[in-house]
Amino acid sequence: MTELPRSYAERDAVARSFDLFGFLSRYGTSIALVLLVAFNLAFTRNFATMQTLNVNLTQVCTIVIVAVGMTLVIATGGIDLSVGSLMAISGALAPMIFMGKILPIGSIYLGVAAAMIVSVLVAGLLGLFNGWLVARFRIQPIVATLVLFIAGRGIAQVMTNGNLQTFRVPEFQWIGLARPLDIPAQVIIMAVIVAAAAWALKKTLFGRCILAVGGNEKASELAGIAVSKIKLAVYGISGLCAGLAGLIVIAINSSSDANLVGLGMELDAIAAVAVGGTLLSGGKATIVGSLLGALTIQLVRYTLLANGVPDAAALVVKAGIIALAVWLQQQHRG
Amino acid sequence: MNRARLVRIIGTYGVLIALAALILFGFLRYDRFVSFYNVMTLLRYNSMFALVALGMCFVIMTGGIDLSVGSVAALGSVASALASPYGIVPGLAAGIGAGLAAGLINATLVTRANLMPFIATLATMQAASGSALLLAGNQTVSVSYESGFTAIGQGNFWTFPIPAAIAVLAYLIGSLVLNYTGTGRAVLAIGGGEDASRLMGLRTDRVKFLVYVASGGLAGLAGVILASQFGAGQPIEGVGWELFAIAAVVVGGTLLTGGSGSVVTTLAGVLLLGILFNVLNFENGMGWISLSAYWQSVIRGLFLLVVVLLQARLTRRRLNAL
C-alpha cells in the first residue's frame with residue numbers, strides 16, 4: 001500500500017481498465033455471439049453448414065420480427081405484453097378467411113391475399129387500441145396491454161372454438177416454407193423489417209421523436225412533439241409485427257392452434273430487446289441490438305441442445321444470460 | 001370537497017361494491033349459487049391464486065413487479081410432490097423452501113445487482129420453469145396418497161377447506177404487517193418515493209429484499225396446495241398466473257406505480273375474478289346461452305379494461321381534487 005500520489009499515466013491506466021469494462025458492456029452481446037460461434041465451430045459437429053444456419057434463422061425470425069415492434073414500444077418507455085395473443089388472433093383469423101369459413105371466396109389467390117392483409121391489419125388495429133389506452137387514458141403500458149394479453153388469446157380461442165385448424169395451402173404457406181435462392185422466405189422478411197426499422201429509428205423524424213418521447217415525455221410534449229400520436233404509432237406497429245409473426249408461425253406448422261400460437265412470445269421478445277442493449281426505461285434503443293440479442297439467446301439454446309444438454313437446463317442458462325447481460329449494461333451506465 | 005371524498009371512497013371500495021353486486025346477482029339468479037358446496041369449491045380452488053396475489057400485492061406496493069410467481073409455484077408443486085412420501089411437513093417445507101430460494105434470487109438481483117424488477121423476475125421465471133422441468137424429469141410427479149400430504153389441498157378444517165383457511169390466515173398476517181408494523185409502512189413509503197424513503201433513513205433495500213422473498217415463499221406455498229389438491233406436481237402449470245395475480249391486484253384498486261394499496265381489496269379482486277368465472281358456469285347451466293370456457297378470459301379481459309378505465313378516471317380526478 002503506497003500513499004504516494006499517482007502519476008497521470010497511472011490514473012490513465014486505471015481509466016483505461018474501466019474503459020475495458022465499458023467496452024465489454026457495450027459490445028458484450030456481439031462478443032458473446034462471436035464467442036458462441038467460435039465455440040460451436042470448434043466443438044459442435046456439422047455446425048458450419050447451411051442447414052444449421054437455416055434452422056437457427058427460421059427459429060429465431062418470428063422472435064426478431066416481434067422484437068422489432070417491441071423495441072420501438074420500449075424506446076418510448078412502454079411495453080407490449082399483448083404480442084403473443086395478437087399472434088394467436090391473426091393466426092386464427094387467416095385460415096378462416098382463406099379456407100372460406102367466413103365468406104366463400106372463389107379464387108384461392110384472392111382469398112390468401114385477403115387473409116394476409118385482413119389478419120395483419122386486425123392485429124395492427126388491436127395494437128392501436130393498446131396505444132389508445134396508453135396515450136388517451138394514461139394507463140400504464142404494462143396494465144393497458146395486459147387487457148389484450150388476457151382477452152386476446154380468449155378471442156382467438158372463441159373464434160376457432162379452441163379447435164386446431166389444419167391446411168395445405170402452398171399459396172399461403174410460402175411465407176413460412178418457400179426458399180428463394182435457398183434462403184427461407186421468412187428470413188428475407190425479417191431482414192427487410194429489421195433494416196427498415198433500424199433506418200426509421202436512426203434517420204427519420206419519426207424515429208427521433210420515438211427516442212425523445214422515451215427520454216423525457218414532458219419535455220417532448222413541450223417541444224411540440226405529438227406524443228400521443230407517436231405512442232399510437234409504436235403500439236400499432238408492434239401489433240402489425242405480431243400479426244405478421246402469427247402468419248409465419250401457422251404457415252410453418254401447416255396448422256393454427258389458438259391455444260399455442262405465440263404463447264410466451266412477449267417474454268422472448270422482451271428478453272431479446274433487453275439483451276440487445278435497449279434501455280427498458282426508454283430513450284435509447286437499437287434495432288440491430290435486438291436482432292443480435294435474439295440471435296444470442298437462440299444460439300445459446302442451440303449450442304446447449306446440440307451438445308446434449310436438456311432443453312429445461314437450457315432455460316436456466318438462458319435466464320442467467322439475460323440477467324448477466326442486463327447487469328453488464330447497467331455497469332456501463334452507472 | 002364532499003365530491004372528492006366520494007370519489008376516494010369509490011376508488012378504494014369500488015371492488016367491494018362490485019363483489020357484493022356480483023354475489024347478489026348470482027344469489028338472485030341461480031338456485032345453488034350460494035349453496036355450501038359451490039362456495040366451498042370456489043374458495044378451495046381460488047386459494048392458490050389468493051396466495052400468489054398477496055405476495056404480488058406487496059411487491060407492487062413497493063413499485064416493483066414479480067413475474068416469476070407462476071413458474072415458482074410450478075417449481076414448488078414439483079418439489080413438494082417429490083417430498084410428499086415423507087409426510088405433510090416435509091412436503092410443505094420442500095415447496096415453500098423452493099419458493100423462498102427463488103424469492104431470494106429475485107431479491108438479490110433486484111436489491112444487490114440493481115436490476116429492474118421486470119427483468120430480474122423474468123429471468124427467474126425462466127430459471128424456475130427450467131428447474132421444475134429438470135426436477136420432474138419433464139413429466140407430472142404423482143404425490144403420495146398414504147402420507148396424508150393431500151390433506152393440505154383436499155382436506156377440511158371442520159367444514160372449511162384447509163387451503164382456504166391457509167389463505168385467510170396469510171391475508172390476516174399480511175393485513176396486520178401492512179397496517180401495524182414499521183415494515184408495512186416502509187413498503188408503502190418506498191412505493192411512494194424510494195429515494196425520499198432512503199433519505200428519511202428507511203432501510204429500503206432490506207424491505208424490498210423481504211418483499212421479494214415473501215412473494216417467492218407464498219408462490220411456493222401456492223405450489224404445495226396445487227400439488228396436494230390435484231394429486232400431482234405439475235412443472236408446466238402456473239403459466240399466466242403472474243398476470244392473473246397482477247390483474248387481481250389492479251382490480252383490487254392497488255396502483256401499479258406503488259405507494260398505495262390494500263391487502264383486503266386484493267383478496268376481493270381475486271374473489272371477483274374467480275366468481276366471474278363461476279357465474280359464467282352457472283349461466284351456461286341455465287341453458288339460455290352457451291358460452292365455452294374460452295369466454296372466461298375474454299370476459300376477464302373486458303372486466304380488467306373497465307376497472308382500469310375507471311381507475312384512470314378516478315386517479316386523475318383525485319389528483320385534480322388535491
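This is a predicted model: local features need pLDDT of at least 70, side-chain atom pairs count only at pLDDT 80 or more; totals for chains, interfaces and linings use all residues.
## Where the chains meet

Chain A gives 36 residues to the contact, and chain B gives 38 residues. On the chain A side, the elements that supply two or more residues are α5 (141-160), α11 (265-276) and α13 (311-333). The largest share comes from α5(A), with 13 residues. By residue class, the side of chain A that touches chain B holds 27 nonpolar, six polar and three charged residues.

## The nonpolar core

The largest nonpolar core has 200 residues. The members that touch the most others are V64(A), V66(A), I322(A), V52(B), A53(B), A245(B) and A247(B). Helix α10(A) provides the largest share of this core, 16 residues. In soluble globular proteins, nonpolar side chains tend to be buried together.

Take V66(A) in detail. Setting aside neighbours within four places in sequence, V66(A) is in contact with V83(A), C241(A), A242(A), A245(A), M265(A) and A269(A).

## Helix α8 of chain A

Helix α8(A) covers residues 205-215. Its buried residues are C209(A), I210(A), L211(A), A212(A), V213(A) and G214(A). What do they pack against? The partners of the buried residues of α8(A) are α2 (50-75), α7 (185-203), α9 (217-222) and α10 (227-253) of chain A.

## Two helix pairs in chain B

Helices α8 (residues 182-192) and α10 (residues 204-230) of chain B pack with their axes 10 Å apart. The angle is about 100 degrees. An angle of 65 to 115 degrees counts as roughly perpendicular, so α8(B) and α10(B) fall in that class. From α8(B), the contact uses T183(B), A186(B), V187(B) and I190(B). From α10(B), it uses T204(B), V207(B), K208(B), L210(B) and V211(B). The residues of this contact comprise six nonpolar, two polar and one charged.

The second pair is α7 (residues 162-180) and α12 (residues 263-286) of chain B. Their axes come within 9 Å and cross at roughly 145 degrees. On one side are Y171(B), G174(B), S175(B) and L178(B) of α7(B). They meet V263(B), V264(B) and L267(B) of α12(B). The residues of the contact of α7(B) with α12(B) are five nonpolar, two polar and no charged. An α-helix has 3.6 residues a turn, so residues three or four places apart point the same way.

## An enclosed helix

Helix α3(B) runs over residues 69-83, which is 15 residues. From first C-alpha to last, α3(B) reaches 21 Å, close to the 21 Å expected at 1.5 Å a residue. Is α3(B) largely enclosed or exposed? In α3(B), 15 of the 15 residues are buried, so the helix is largely enclosed by the rest of the structure.

Two loop residues deserve a look. S254(A) has a positive phi of about 55 degrees, although it is not a glycine. S254(A) sits in the loop between α10 and β2 (255-256) of chain A. With 15 other C-beta atoms within 10 Å, S254(A) is partly exposed.

In chain B, N114(B) is not a glycine, yet its phi is positive, at about 55 degrees. The loop that holds N114(B) lies between α4 (88-111) and α5 (117-136) of chain B. N114(B) counts as partly exposed because it has 14 C-beta neighbours inside 10 Å.

Key: Residues are numbered from 1 along each chain as its sequence is written. Chains are lettered from A and ligands numbered from 1 in the order in which they are written. Two residues are in contact if their C-beta atoms, placed from the backbone, lie within 7 Å. Helices (H or I, at least four residues) and strands (E, at least two) are DSSP runs, numbered from the N terminus. Ala, Val, Leu, Ile, Met, Phe, Trp, Tyr, Cys and Pro count as nonpolar, Asp, Glu, Lys and Arg as charged, and the others, Gly among them, as polar. A residue is buried if 20 or more other C-beta atoms lie within 10 Å of its own, exposed if 12 or fewer, and partly exposed in between; C-beta atoms are placed from the backbone. A nonpolar core is a set of buried Ala, Val, Leu, Ile, Met, Phe, Trp, Tyr and Cys residues joined through C-beta atoms within 7 Å. Axes are lines fitted to C-alpha atoms, for helices over the stretch in contact, and angles run from 0 to 180 degrees between N-to-C directions. Angles under 35 degrees count as roughly parallel, over 145 as roughly antiparallel, 65 to 115 as roughly perpendicular and the rest as oblique. The expected span of a helix is 1.5 Å times one less than its number of residues.
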